[in-house]
Amino acid sequence: MSNSNSANVGIVIVSHSPKIAEGAADMVRQMVGNAVPLAWTGGDIDGGLGTNVAGILEAIESAWSPAGVVILVDLGGAETNSEMAVEMLPEDRRARVVICNAPVVEGAVIAATESSGGSLLAAVKRSAEEFYA
Amino acid sequence: MSLDRAAREKLVRALAESMIGHADELTSLDQAIGDGDHGLNMKRGFEAVLATLPGLADKSLPEMLKAIGMTLVMKVGGASGPLVGTFFMELGKALPEQPVRADLVTATEKAINAVKARGRSEAGQKTLLDVLVPVQIVLAGGGDARAIAAEAAQAADRTTPMLAIRGRASFLGERSIGHMDPGSRSASLLIGAAVAILE
């Protein structure tokens with residue numbers, strides 16, 4: 001987990017594998033430095049492959065920006081657990097967190113690049129989803 | 001239906017035992033067509049539920065169900081955490097403290113709709129909905145505990161020839177045919193354990 005003080009849209013990376021999540025975050029940092037709030041989470045609560053709602057909630061908190069947060073996910077459970085986490089957010093934050101339908105690594109890098117230019121939440125989400133559509 | 005504290009604790013223990021005792025079986029079903037973690041995930045979730053006893057059973061039935069659901073959401077890990085957890089939470093939201101059969105019928109329908117929304121799925125896609133939906137129909141039709149348990153077991157069996165449309169098994173395409181859906185099996189075990197206590 002790492003973060004910046006930017007007001008740009010935050011990026012959260014959720015993978016079943018903590019190594020993939022961390023590695024994707026490294027690739028984002030290489031591209032945009034500290035220009036966007038960024039957090040990653042991966043693994044179940046016992047450290048095995050999987051995802052968990054508490055970890056996702058922490059990552060959203062860590063990458064929080066008033067401009068909102070986009071979440072990149074890998075497989076099914078990562079998406080389901082992310083949706084659950086979004087629903088558990090306070091109401092004023094819920095509408096400002098969106099899950100991207102995009103490949104986790106490529107989507108994270110593209111979304112972060114878009115965010116680093118100051119784009120709004122919807123544009124950041126769209127950039128990740130359209131690039132590989 | 002009135003469940004006193006002892007009955008509520010018995011229900012929790014029966015649900016947990018049905019998952020912990022069948023963890024290996026669920027895992028091997030999931031190894032065939034999924035990522036092989038379903039047994040371990042459900043075991044972890046229900047061990048966490050057991051750890052909230054005895055306080056858990058001090059709660060009213062609706063509050064107890066909501067608490068079980070939240071624990072499963074937070075602890076299970078896979079997609080089954082939010083799916084099964086949502087079922088328990090919505091059941092808790094919809095049931096009164098002393099439910100009659102009609103309350104169970106409407107509450108299970110609401111809970112199933114919430115699971116459908118959570119998984120963006122319907123019955124027929126080789127998921128736990130293929131057990132929940134037909135069992136709810138038997139419940140609504142006045143079936144007794146034995147009929148409900150029998151339908152749960154048969155419905156899980158009926159997922160074996162199905163083609164998976166949702167979940168990790170859908171990646172296998174036609175190779176998902178010929179294996180029972182692990183989520184259907186765990187749903188049927190939970191229903192069997194519950195009706196054995198509630199009958």
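This is a predicted model: local features need pLDDT of at least 70, side-chain atom pairs count only at pLDDT 80 or more; totals for chains, interfaces and linings use all residues.
**Stop 1**

Select the strands of chain A. They form an open sheet of 4 strands in the order β2-β1-β3-β4, with parallel pairing. The edge strands are β2 (38-42) and β4 (97-100) of chain A, and each of them pairs on one side only. From one strand to the next, the twist averages 20°.

Now select β1 (residues 10-15) and β3 (residues 69-73) of chain A, which pair in the parallel sense over 5 bridges. To find your place in this pair, show Val14(A), which stands opposite Val73(A) in β3(A). β1(A) also pairs with β2(A), in the parallel sense and over 5 bridges. There, Ile11(A) stands opposite Leu38(A) in β2(A).

**Stop 2: strand β2 of chain A**

Keep β2(A) selected and show its side chains. How many of the residues of β2(A) are buried? The count is 5 of the 5, so the strand is largely enclosed by the rest of the structure. Leu38(A), Trp40(A) and Gly42(A) point one way from β2(A), Ala39(A) and Thr41(A) point the other way, and all are buried.

**Stop 3: Ala85 of chain A**

Select Ala85(A), which lies in helix α3 of chain A. Is Ala85(A) buried or exposed? Ala85(A) is buried, because 27 other C-beta atoms lie within 10 Å, and a residue counts as buried at 20 or more. Leaving out residues up to four places away in sequence, Ala85(A) touches Val53(A), Ile56(A), Leu57(A) and Ile60(A). Take Ile60(A) from that group: Ile60(A) and Ala85(A) are 25 residues apart along the chain, and their C-alpha atoms are separated by 8.9 Å.

**Stop 4: helix α6 of chain A**

Go to helix α6 (residues 121-131) of chain A. Its buried residues are Val124(A), Lys125(A), Ser127(A) and Ala128(A). They cover an arc of only 155° around the axis, which puts them on the same side of α6(A). On the other side of α6(A), look for the exposed residues Ala122(A) and Glu130(A). The cover over the buried residues of α6(A) includes β3, β4 and α5 (104-116) of chain A.

**Stop 5: where the chains touch**

Show both chains. Here 15 residues of chain B are in contact with 14 residues of chain A. On the chain B side, α5 (61-75), α6 and α7 each supply at least two of the residues that touch chain A. The residues of this side of chain B divide into 5 nonpolar, 5 polar and 5 charged.

**Stop 6: helix α7 of chain B**

Finally, select helix α7 (residues 101-119) of chain B. The helix has 19 residues and reaches 27 Å from its first C-alpha to its last, close to the 27 Å expected at 1.5 Å a residue.

Colour the buried residues of α7(B): Ala107(B), Thr108(B), Ala111(B), Ile112(B), Val115(B), Arg118(B) and Gly119(B). They cover an arc of only 140° around the axis, which puts them on the same side of α7(B). What covers them includes α3 (76-87) of chain A, along with α6 (80-94) and α8 (129-140) of chain B. The face of α7(B) turned away from this buried side carries the exposed residues Ala102(B), Asn113(B) and Ala117(B).

Technical notes. Residues are numbered from 1 along each chain as its sequence is written. Chains are lettered from A and ligands numbered from 1 in the order in which they are written. The expected span of a helix is 1.5 Å times one less than its number of residues. A residue is buried if 20 or more other C-beta atoms lie within 10 Å of its own, exposed if 12 or fewer, and partly exposed in between; C-beta atoms are placed from the backbone. The arc is that of the directions from the helix axis to the C-beta atoms. Two residues are in contact if their C-beta atoms, placed from the backbone, lie within 7 Å. Ala, Val, Leu, Ile, Met, Phe, Trp, Tyr, Cys and Pro count as nonpolar, Asp, Glu, Lys and Arg as charged, and the others, Gly among them, as polar. Two strands pair if DSSP finds at least two bridges between them. Axes are lines fitted to C-alpha atoms, for helices over the stretch in contact, and angles run from 0 to 180 degrees between N-to-C directions.
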